[in-house]
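Me: Hey, I've got this protein open and I'm a bit lost. Can you walk me through some bits of it?

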Amino acid sequence: METVVQPLAFKGHTRPVTCVTFNREGDLAATCAKDSHVRLWSAEDGTPLGLFGENTEARHVGAVQSCSFSYDSQYLVTAGMDRSLRIFEVQTGVLQKKIVLHSYPRLAAFGLENRIFTINTPMMSQIPALHIFPPAPDGQFCDQPEYTVQLPTSTKVSPSKVCEATWAIWGPLNKTVIVALDDFRVVIFDLEQRDFVDEIIDARGAIMSMSMSHDFTHFIVPSKDSHARVYDSRTFELLREVSAEVPLNAAALNPVIDQLVVAGGQEARDVTTTASTDDQFVVRVYDKIQQEKLGELKGHIGPVHTMAYSANGQRLLSGSEDGMVMLWVFDPSLMKWKSL
């Protein structure tokens, strides 16, 4: 099936895009990249609205790994390789809080009542861990986490090796944090028990991201094994599975109709050792129920690292290795159909 929408290109990043996200209302979009920039855009037409940390003191030094809106769209939290989390006011772009960490954060994400979690990449003697910050409904963010939990040990390398986290997402009602590990497992952390209570072991390749449905009933896990798997967010039962022809880095669930998207592609270092085709970097669209491929969205010329749907399902953001962010705007009439 031919692409029926033409993307709007966001021009602003000069290095690989690491994270794209919409606010809950779907009228704003934020992007970050390895160029140290965090940018705000209109989700309506891609108009640039601002650069977070425009002055030197507020800006990250080095790559920014993730960005996440608070539920009320008042704040944006970013995680940078300068060993800091930064919380910006969305309306003004002012730096509200800088949290200095002892290791490199892989990502940070807002939950209910402005609660934040972050996972770290180990540095020297630091151990990979999940850090849970206390709620801050009044915007008074704490410098220190409420508690820190060491990640599980590896099942592949050595029982004494602590796994590193590759991505994580909030579960329903902030009762759990779902964490992807570098041994291809997904583990579930229960905030009430303060312990890891379950695991998923289906993936046979690295998991670089995960995405929760807008209603928090299910989530999708793309993998370098070229499969994306959809799970129930409470029972962790495998609900659906789709396969692509390329390693997958990103996936997203349409919040309105039964469709999902996956994307990825071979890394540059692998292109000379394996076969390469023209459709390496397309966004693939699937029927979530029938698990059948519906079409492709073409535009990226490098591996796609991150994707997100707007709340109404009519817009899709995707970001790639070449520093390009694409905004795909679907005609509202298409939202009534099961196919693009």
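Me: OK, so how many disulfides does the count come to?

Reply: By that rule, the count is 0 disulfides. Take Cys32: it is in no disulfide, and the nearest cysteine sulfur, that of Cys67, is 3.8 Å away.

Me: Before I go on, what kind of model is this?

Reply: It's a predicted model, where local features need pLDDT of at least 70, side-chain atom pairs count only at pLDDT 80 or more, and totals for chains, interfaces and linings use all residues. Residues are numbered from 1 along each chain as its sequence is written, and side-chain values use heavy atoms, with hydrogens and water left out.

Me: Got it. Back to Cys32, is it buried or exposed?

Reply: Cys32 counts as buried because its relative accessibility is 0%. The cut-offs are these: buried means under 20% relative accessible area, exposed means over 50%, and partly exposed is in between, using a 1.4 Å probe and protein chains only. Cys163 is also at 0% relative accessibility, so it counts as buried.

Me: Which side chains does the His13 side chain make polar contacts with?

Reply: There's one with the side chain of Thr31, at 2.7 Å, and one with the side chain of Asp35, at 3.2 Å. A polar contact is a pair of N or O atoms within 3.5 Å; within protein, one must be able to donate a hydrogen and the other to accept it, and residues adjacent in sequence count only if both atoms are side-chain atoms.

Me: You mentioned strand S2. What does Thr21, in that strand, touch?

Reply: Thr21 in strand S2 touches Leu28, Ala29, Ala30, Cys67, Phe69, Ala308 and Leu317, leaving out residues up to four places away in sequence. Thr21 counts as buried because its relative accessibility is 15%.

Me: New topic: what's phi like at Ser73?

Reply: Ser73 has a positive phi of about 65 degrees, although it is not a glycine. Ser73 is in the loop between strand S6 (64-69) and strand S7 (75-80). With a relative accessible area of 14%, Ser73 is buried.

Me: And what about phi at Gln291?

Reply: Phi of Gln291 is near 60 degrees, a positive value in a residue other than glycine. Gln291 is in the loop between strand S24 (283-287) and strand S25 (293-297). At 34% relative accessibility, Gln291 counts as partly exposed.

Me: What about Ile200, buried or exposed?

Reply: Ile200 counts as buried, at 6% relative accessibility. Its place is in strand S17 (residues 195-200), and the residues that Ile200 touches include Phe184, Phe219, Tyr231 and Phe236.

Me: Last one: how many residues line the second largest pocket?

Reply: It is lined by 16 residues, of which Leu101, His102, His131, Pro145 and Thr148 lie nearest its centre. On a 1 Å grid over the protein atoms alone, a pocket is an open set of points where a 1.4 Å probe fits, with protein on both sides within 12 Å along at least five of seven lines, and lining residues have an atom within 4 Å of a point. Strand S9 (95-100), strand S11 (116-121) and strand S12 (129-132) each supply at least two residues of the lining.

Terms used. Helices (H or I, at least four residues) and strands (E, at least two) are DSSP runs, numbered from the N terminus. A disulfide is a pair of cysteine sulfur atoms within 2.5 Å. Contact means heavy atoms within 4.5 Å.
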